[in-house]
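Please have a look at this model before we talk. My notes follow, point by point.

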Amino acid sequence: MKTLTKTFRMISGAAAPIALGAAALGVCATLSPAPVLAAPASGDAAKLDQAVKALRAISTLKADFIQRDRNGGQVKGKLTLKRPGRIRFEYEKSVPMLIVGDGKALTMIDYEVNQVQRWPIKNSPLGALLDPSRDVAKYGTVRDTGNPDVISVEVRDSEHPEYGIITLIFTRKASAPGGLELAYWVALDAQNTRTTIQLSNQRYGVAVGEDAFRWEDPRPRRRPH
């Protein structure tokens, strides 16, 4: 129970009313957001514009993912994304849990204990990917990676620190939308829980039906009186 429910907090950045445990996903030092710079370097505006265009160019995305923690633990799964706002994290069979975003909220379905939790997308670091009102161009800051083929964009709303921070990492790839491929992201929530999702085998523009974002409610139905 603890292992599964804390995964929802890692993905969503949610500070749920119940204790969800410590962070289960971390990131190695090379993935950590760079220190705040005194002033943006020349060319950063162009990089940010490229990243924003690449995100907006994604209509649908399917990929494999690996979710890692600070202690070396990891879980794998399949990611499905459809803009605007819909996402699905389907975990390997050993993890009886599903996370679905419908554009308004992230829902975690824990089939092990028949529990369902929901959290507003806009209050999550993932809002930068899923919430149409979260403007990456407005809230994003380019961080130096030391590699011209890698662009790192840190997204934070200074007026709402409770929303957390997400750092999106793109690599240059001619066949990807906008010429940049979303390789992974690092989310840091208000409770200092750090999460990394690394993508592989990305497929863009694939057919994704609305059924992908529906789920079966495992909670027992109440009988009418």
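1. Lysine 62 faces threonine 80 of S2 across a strand pair. The two strands, S1 (residues 60-68) and S2 (residues 74-82), run antiparallel and are joined by nine bridges. Two strands count as paired if DSSP finds at least two bridges between them. Strands are DSSP runs of E with at least two residues, helices runs of H or I with at least four, and both are numbered from the N terminus.

2. This is a predicted model, where local features need pLDDT of at least 70 and side-chain atom pairs pLDDT 80 or more, while totals for chains, interfaces and linings use all residues. Residues are numbered from 1 along each chain as its sequence is written, and side-chain values use heavy atoms, without hydrogens and water.

3. S1 also pairs with strand S11 (residues 194-204), antiparallel, over seven bridges. Here leucine 61 has tyrosine 204 of S11 as its bridge partner.

4. S2 pairs with strand S3 (residues 86-91) through six bridges, again in the antiparallel sense. Leucine 81 sits opposite isoleucine 87 of S3.

5. Now the whole sheet. It is open, with 11 strands in the order S6-S5-S4-S3-S2-S1-S11-S10-S9-S8-S7, and the pairing is antiparallel. Strands S6 (115-120) and S7 (140-143) are at the edges with a single partner strand each, so one side of each has no neighbour in the sheet. From one strand to the next, the twist averages 20° (axes are lines fitted to C-alpha atoms; angles run from 0 to 180 degrees between N-to-C directions).

6. Overall, the protein has four helices and 11 strands. Of its 225 residues, 48% are buried, meaning under 20% relative accessible area with a 1.4 Å probe, protein chains only.

Key
Buried means under 20% relative accessible area, exposed over 50%, partly exposed in between (1.4 Å probe, protein chains only).
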